[in-house]
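Dear colleague,

I am handing over the structure we spoke about, together with some notes on what was found in it. Please keep the model open beside this message while you read.

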Amino acid sequence: MSTPFLERGVLLLARGDELLVDRAVGAADETSGRPCTAATRFQIASISKQMAAVAVLLLAERGVLRLTDPVTRWLPGTPPPEWCGMTLHHLLTHTSGLGHWEEYPAIDLHGPAEPDELLDRFAALPPLFPPGSGWHYSSPGYVLLARTVERAADRPYAEFLAEEVFAPLGMSGSFAGAGDGWPDLAVGHEGGRPVPSWDLATVSMGAGDVWCTAADLMTWLDVPRRGRLLAPASVTALTAPHAPTGRPDEAYGYGFFVGPLAGRRAVHHSGDNGGYKAFAAWLPDSDERLVLLANQAEVSTAAVTSVLDAV
């Protein structure tokens, strides 16, 4: 299969348990000449929100927290009064009223930043609307969810994911946070040149901080597909159409977009960190799974999903 849109990265497409497309192309690291392979770890960017959602649901199953908990219960200090009535459910569904990165221009995505200073920056902007009254995609909301997991579980967020999410699923090529000391990391590129990574330890924690191999991300889709890791009610909640996004026939679940893809029913999410593009989708009617991990900025979602029509 020809995939001219992909110069650096890995593309997988499966139907059932049969792998139909398995492509690894280009350099993971232009400087060393190391190629992209099945072992290469990429930043999955905003697909990381699915891991944050699952972490929250696991803690809810254990009775440690409730999705109806006010956000203020789990944050240090005294959050602004405008956050009163904002719940974990609102953060999960992007209905909290919090803005996305462009609404917080003072925040440097390349960091680093002190965690509480980051919260102060979020709190300095009044919500765009009262909680539950609208929809606005918000990575900062997922940063707050990761902080909630840390406080509720009483351990670092990256450690919780490693022990409670990745290990039980056998995702040995995945981790959260800065890549220091980890092998087989893809270097992000834009315009053909390497670009510095965003700060994944604090600024993007919970919102875009996970590294995966393509095979691990394919395994990850078995959480909704086969009901792995979570109780049935939690799996249902993960992919339920909780909040309309404003696009035709599309809603947001907990870390998943729910709506048509290539004209077919799907749950999916894209990711876009500096120098990286990612996409993961499951189409339940045909049981197809599509995973793209690229260390190049110039990849469009439309080009990726065209693969579904080509097989």
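To begin with the sheet, strand β13 (residues 264-273) and strand β14 (residues 276-283) pair in the antiparallel sense over 7 bridges, where strands are DSSP runs (E, at least two residues) numbered from the N terminus, as are helices (H or I, at least four residues), and where two strands pair if DSSP finds at least two bridges between them. Before going further, please note that this is a predicted model, in which local features need pLDDT of at least 70 and side-chain atom pairs count only at pLDDT 80 or more, while totals for chains, interfaces and linings use all residues. Residues are numbered from 1 along each chain as its sequence is written, and side-chain values use heavy atoms, with hydrogens and water left out.

Because 8 of the 8 residues of β14 are buried, the strand is largely enclosed by the rest of the structure; buried means under 20% relative accessible area, exposed over 50%, and partly exposed in between (1.4 Å probe, protein chains only). Y276, A278, A280 and W282 point one way from β14, whereas K277, F279, A281 and L283 point the other way.

These strands belong to an open sheet of 8 strands in the order β2-β1-β15-β14-β13-β12-β11-β10, with antiparallel pairing. At the edges stand β2 (18-25) and β10 (243-244), each with a single partner strand, so one side of each is left without a neighbour in the sheet.

Turning to the helix, α1 (residues 48-61) has 14 residues that should span 20 Å at 1.5 Å a residue, and its end C-alpha atoms are 20 Å apart, which agrees; the expected span is 1.5 Å times one less than the number of residues. Of the 14 residues of α1, 12 are buried.

Lastly, M86 lies in the loop between α1 and α2 (88-93), and it counts as buried because its relative accessibility is 0%.

With best wishes
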